[in-house]
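Subject: Structure handover

Hi,

Here is the structure I promised you. Please load it before reading on; my notes follow below.

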Amino acid sequence: MAAKTQITLASTAGFCPGVKNAIDKVLELAKNSKRAIYTLGPLIHNSQVIETLKEKNIHAVNDVSEIKDKNAIIVIRAHGIPPEAEKRLRAQSIEVVDATCPLVKHVHKTIEKYARMGHHTIIVGDKNHAEVVGLMGYAQGRGLVVSGPKEAASLPRLEKANIVAQTTQEEEVFLAAAAAAREKTAELVVSNTICKPTKDRQKETVELSKASDLVIVMGGKNSANTARLFQICEKLAPSAIHIEKEDELPPELLKDKKAVFITAGASTPTWMIEKALARVRELTGAKERSFLDRLSFIWTLAITSCAYTAAAAVALTYVCMKLEGAPISKKLLLLAGLFVLSLHLANRAEEKGTAAPDRAKKLLFIRFKTTTRLTAFLCGAAAIALAATLGWRVFLPAAFFWGLGMLYPYKLPLGFEKFGNFPASKDILTALGWGFVCACAPGIWHGSILYKSTHLAVLFAVLLVFMRSVMFGISHAHSDMIVGKENFYKAAGSKLTYLTLFAMFLFLEVIMVLLKNIAWKPSLAAAIFTGLFYYVALTLFFYFRKIPERITAETLIDSQFLILALSVWK
Ligand code: SF4
């Protein structure tokens, strides 16, 4: 094995915006409608994601005639379809939802514009690809497809033409084809329609492939853009391999490699790329890191089992008790830990975000699934029993929030909507539940529920936990896990989410400054004021789209409460 291998992960890897948009659309439909959902052709070229979608009752058909259920919904995927085909589809008595990527639509408009002016359309792309079939439909019968400069050189003589690219085309190929087509046309309009996400991905791939001795390209074997990316890498790097899953990596390929670059096609989710990264790390330094690996697995279990999240809840309760001036009660700390552990573990057991769970998830949620569920239930029962010993005013709300949290992943009886169908419901419910056990319960128990300090602590805890939950949503979305609008980030969009997080941070900081200025527990206010800056660092970290692995992201997010507790520790 190489002594030290430099591993670089492409910053452009992961779903492209068009694929993300299409997946979000079908997931929203699946969530808000009980009707069957079909996509016209596979939504993306990635079998693992397709399997996950199937679990959510979203199936692919090749033709609308395959759908017998007239109450179903059919979705046009990101590649788009020819206008005639769309007309025929809309004439059927079936609801049509268009998930064509806006960047593909832009190509449709470009082709249409020049076709109306009498231009021929030359498309540089793969003539059998769904996107190209769709583009041809806009050329008003004067479309020609060429795969590259060689075919462009054998075009017939044309009076006037518009040359466009399939959005995932290699730029070098497109420009060479345009140069060859210029020789064949009296008047040529060159419309470079390669989309920006593809250009960025290719630019980075070219730069990093040249500097690496092995390039790993991840993506579906039937994905055209992944195949194109692989062709680029093959030309530039001494060795390159195209894989769909991390276990396809031959260990001998990584032997003595000094610089490994991992990139992926537009339909490869980030969580799959992270797995490849972990596998490469394992294969390039397994022997030296066997002890560290064991340690890292223990930590992964602590995070995956939500034990660290429970510790974070205990830490937040401690901070809230300090804010309220309540004596530190071990019973209340335990109540918060058990309550949060129970709900997070139970909800995580129902998560279906990824098709291929890692080792820790397999162990907890597949192999010992029943034991994990039972543990979650017993922890919850213990928390409620503990709440009962603190009086009915603690017991009743604790039981209410726990019941609500346990029911969260399921469809409710009597035709009630699933809680998860409401925008941002996950973040709001989490914030209220934590807010009660971490801040409100200590206030009730201490008898200070009517005091301003308790109101402040409840507001503080609710906002902090809401921010924590939103950050989890961001982290999951960055990893291309399948999440819906139950997350604030998905419901509100990126801009509003970051603005909200920043506004909440400012609001909390202003409160701390005001408290300090009126000499209310000045050292405590100052400590929290400083500790809150961790949030800014964390928010910026996610804003600049750093994609930490799941465990790193969860560790960073939940550490905020432990840092706050340490900053107020006496
Ligand atoms: S590759 Fe580009 S054009 Fe195609 S779906 Fe993705 S973002 Fe849209």
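Predicted model: local features only at pLDDT ≥ 70, side-chain atom pairs only at ≥ 80, totals over all residues.

The ligand first. Around it are Cys-16, Pro-17, Gly-18, Cys-101, Leu-103, Val-104, Thr-167, Thr-168, Cys-195, Pro-197 and Thr-198. Two or more residues of this shell come from each of α1 (17-32), α4 (102-116) and α8 (196-210). By type, the shell has seven nonpolar residues, four polar and no charged. The ligand takes up the space of the largest cavity.

Now the domains. The protein chain is divided into domain 1 (6-13 + 198-287), domain 2 (17-101), domain 3 (103-194) and domain 4 (297-567). Where does the ligand lie relative to domain 2 and domain 3? Both give residues to the shell, so the ligand lies between them. The C-alpha centres of domain 2 and domain 4 are 35 Å apart.

Is Phe-561 buried or exposed? Its relative accessible area is 0%, so Phe-561 is buried; the cut-off for buried is under 20%. Leaving aside neighbours within four places in sequence, Phe-561 is in contact with Ala-312, Ala-315, Leu-316, Trp-434, Leu-464, Val-465, Arg-468 and Tyr-535. Ala-313 is 248 residues away from Phe-561 along the chain, yet their C-alpha atoms are separated by 7.4 Å.

Best wishes

Definitions and conventions: Residues numbered from 1 in each chain as written. Heavy atoms only, no water. Near = heavy atom within 4 Å. 1 Å grid on protein atoms, 1.4 Å probe; cavity = no way out; pocket = protein on both sides within 12 Å on 5 of 7 lines; lining within 4 Å. Sits in = over half its atoms within 2 Å of the grid points. Helix = DSSP H or I, 4+ residues; strand = E, 2+ residues; numbered from the N terminus. Nonpolar A, V, L, I, M, F, W, Y, C, P; charged D, E, K, R; others polar. Domains from an automatic or database assignment. Buried < 20%, exposed > 50% of the residue type's maximum accessible area, 1.4 Å probe, protein only. Contact = heavy atoms within 4.5 Å.
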